[in-house]
Every structure is written in C-alpha cells, then in structure tokens.
Amino acid sequence: MTEKNEGALWFGRIAATLPVKDIERAADFYVGLLGFRKVFENGSPVGFMILERNDAELHLTLQKNHKAADFNVAHMMVENIDRLYDLVQQRGLKVVKRLQDKDYGLRAFVFEDPDGNRIDVGQPI
C-alpha cells in the first residue's frame, strides 16, 4: 500500500517514545549531542516532550521508575555514522554493538542513551 486510496489503510509518521527518568537530562543529551531541537513540551513539571531533527522525531516521556530494556527500543538512520560513533565514544556512552558493516547493507552500531535506552543506528553502505 503505497498510495492513498479511499478506504485503504494509510500510515503517517511514527515516532519512537523513549521513557526517561530525568526529562531535562535526556533533552540535554538529545539536543546537545545529537542536535535535536525541542518543539513541544507538556506538563508542569514537564512530563512529555517532542524533539525533532531533519526528518526524525523523538518523543520523551518522564517515567521516574524506568528500567531500561535489554533490547533496542529505537532505530535511527543517519548520514555520517562514523562521526556519530565518534561522538558516542567521546561522550563515554556504552556501546552495545560496535560499528561494523552488516551483510544486509547497513553500517551499524548500537549504543545506550543516559537512561540505558538502546538505540540502533544505521547508514546504508
């Protein structure tokens, strides 16, 4: 289904929602390191936030008792993956899977954000 036909099922954007223990710390990470910008926040204190960069959108939700999953919770396609890998290492973040070329056509790695959320990053080879 690639066309909008009357009665056809159509999907718009889908954005990952990441649970975080400290929403301001998480925003500082995604804005400061990855260059996202805050476009929406809700609550007092803030309990939900939307971040955007280029075509990417990421939602943060405050979950004070958040325990990170042991699987990837988001996948990002990027350009210049080597630069991002360097930034992640310079920041001292945990790299779960090192940067490597995959047989399915991606150069990829997995890292954990400050809340332990595993982010899978890829770039077409």
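Residues are described here as buried when their relative accessible area is under 20%, as exposed when it is over 50%, and as partly exposed in between, with a 1.4 Å probe and protein chains only. The structure is a predicted model, in which local features need pLDDT of at least 70 and side-chain atom pairs count only at pLDDT 80 or more, while totals for chains, interfaces and linings use all residues. Residues are numbered from 1 along each chain as its sequence is written, and side-chain values use heavy atoms, with hydrogens and water left out.

The pLDDT, which is the predictor's confidence in each residue on a scale from 0 to 100, averages 93 over the protein chain, and 95% of the residues score at least 70. Helices (H or I, at least four residues) and strands (E, at least two) are taken as DSSP runs and numbered from the N terminus. Among these elements, the lowest mean pLDDT, 94, belongs to strand β5 (residues 72-77), and the highest, 98, to strand β6 (residues 95-101).

Aromatic pairs were assigned to rings of Phe, Tyr and Trp (its six-membered ring) whose centres lie within 6.5 Å, with planes under 30 degrees apart counted as stacked, over 60 as edge-to-face and the rest as tilted. By this rule, six aromatic pairs are found. One of them is the tilted pair of Phe29 and Phe111, with 6.4 Å from centre to centre and 55° between the planes. This pair connects distant parts of the chain, since Phe29 lies in helix α1 (residues 23-32) and Phe111 in strand β7 (residues 106-112), 82 residues apart. Phe29 counts as buried because its relative accessibility is 1%, and Phe111 is likewise buried, with a relative accessible area of 0%. Phe40 and Phe48 form an edge-to-face pair, at 6.2 Å centre to centre and with 65° between the planes; Phe40, at 39% relative accessibility, is partly exposed, as is Phe48 at 23%. Phe29 and Phe111 also belong to one aromatic cluster, together with Tyr30, Phe36, Tyr85 and Phe109.

Strands were treated as paired if DSSP finds at least two bridges between them. Four strands make up an open sheet of mixed pairing, in the order β1-β4-β3-β2, and its edge strands, β1 (16-20) and β2 (37-42), each pair on one side only. From one strand to the next, the twist averages 25°, the axes being lines fitted to C-alpha atoms and the angles running from 0 to 180 degrees between N-to-C directions. Within this sheet, strands β3 (residues 48-53) and β4 (residues 56-62) run antiparallel and are joined by six bridges, and Leu51 has Leu58 in β4 as its bridge partner.
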